[in-house]
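The sequence and the model are shown first, and the description follows.

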Amino acid sequence: MEGWEPSTVYEYDEQGRLMRSTPESEWTDQQVALLVALEEYEAGLCKRCGTALEESTDPAHDFNNPLARAVYLPAPGTPVQCHCCAALERSEQQTAAQNPQHPQAMLHAVQLVRRG
């Protein structure tokens, strides 16, 4: 990607002294509006499953509500194992002793490596 540098407008008095400098905004109004909209949208999602909280917290969708119009059930063919998450879990278990007070503070990374 090509970089973009905002320009700055400088204003001087009659003696040539700098009186004011006004940098151009790095974000357009449209870009700011899009980022705000994205932030608002993401705030309305469940942090675990990504479903809209308005839908997923509706009492009409509660599994324990006998009058519920619809309920969440496991999808056919699930659960499935994410092998990347499994590798992360193995790494976490293998290194937990290195920082027993705060094992969750350890940052782990895995990569897909061809065998053979």
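## Salt bridges

Asp13 and Arg17 join through their side chains in a salt bridge, with an N to O distance of 2.8 Å. A salt bridge here is a side-chain nitrogen of Lys or Arg within 4 Å of a carboxyl oxygen of Asp or Glu. Under this rule the count is two salt bridges. Glu11 and Arg20 also form a salt bridge, and their closest N and O atoms are 3.5 Å apart.

Asp13 counts as buried, at 16% relative accessibility. Glu11 is partly exposed at 34%, and Arg20 is partly exposed at 48%. Buried stands for under 20% relative accessible area, exposed for over 50%, and partly exposed for values in between, with a 1.4 Å probe and protein chains only.

## Basis of the model

The model is predicted: local features need pLDDT of at least 70, side-chain atom pairs count only at pLDDT 80 or more, and totals for chains, interfaces and linings use all residues. Residues are numbered from 1 along each chain as its sequence is written, and side-chain values use heavy atoms, with hydrogens and water left out.

## Overall form

The protein has three helices and two strands, in the order β-β-α-α-α from the N terminus. The radius of gyration is 26 Å, well over the 13 Å that the globule rule gives for 116 residues, so the protein is more spread out than a compact globule. This radius is taken over C-alpha atoms, and the globule rule is 2.2 Å times the number of residues to the power 0.38. Helices (H or I, at least four residues) and strands (E, at least two) are DSSP runs numbered from the N terminus.

Along its principal axes, the C-alpha trace spans about 80 × 50 × 35 Å. Buried residues account for 7% of the 116 residues. Glu55, which is placed in helix α2, is partly exposed with a relative accessible area of 39%. Glu55 and Pro6 are 49 residues apart in sequence, and their C-alpha atoms are 42 Å apart in space.

## The hairpin

Strands β1 (residues 8–12) and β2 (residues 18–23) pair in the antiparallel sense over five bridges; pairing requires that DSSP finds at least two bridges between two strands. Tyr10 has Ser21 in β2 as its bridge partner. Five residues lie between the strands of this hairpin, where Gly16 has a positive phi near 85 degrees. Most residues other than glycine have a negative phi, and most peptide bonds are trans.

## A cis peptide bond

The peptide bond from Thr78 to Pro79 is cis, with omega near 0 degrees. Pro79 belongs to the loop between α2 (53–56) and α3 (83–95).

## Nonpolar surface patch

Trp27, Val32, Leu35, Val36, Leu38 and Tyr41 make a nonpolar surface patch of about 580 Å². Patches consist of residues with over 30% relative accessible area and no salt bridge; like charges are joined within 9 Å, and nonpolar side chains (Val, Leu, Ile, Met, Phe, Trp, Tyr) within 5 Å. Accessible areas come from the Shrake-Rupley method with a 1.4 Å probe, and for residues only the protein chains shown count as cover. Val36 is placed in helix α1 (residues 29–43) and is partly exposed, at 38% relative accessible area.

## Cysteines

The structure holds zero disulfides, a disulfide being a pair of cysteine sulfur atoms within 2.5 Å. The closest cysteine sulfur to that of Cys46 is in Cys49, at 3.7 Å, too far for a bond. For Cys82, the closest is in Cys85, at 3.5 Å, also too far for a bond. Cys46 is partly exposed at 23% relative accessible area, and Cys82 is partly exposed at 40%.
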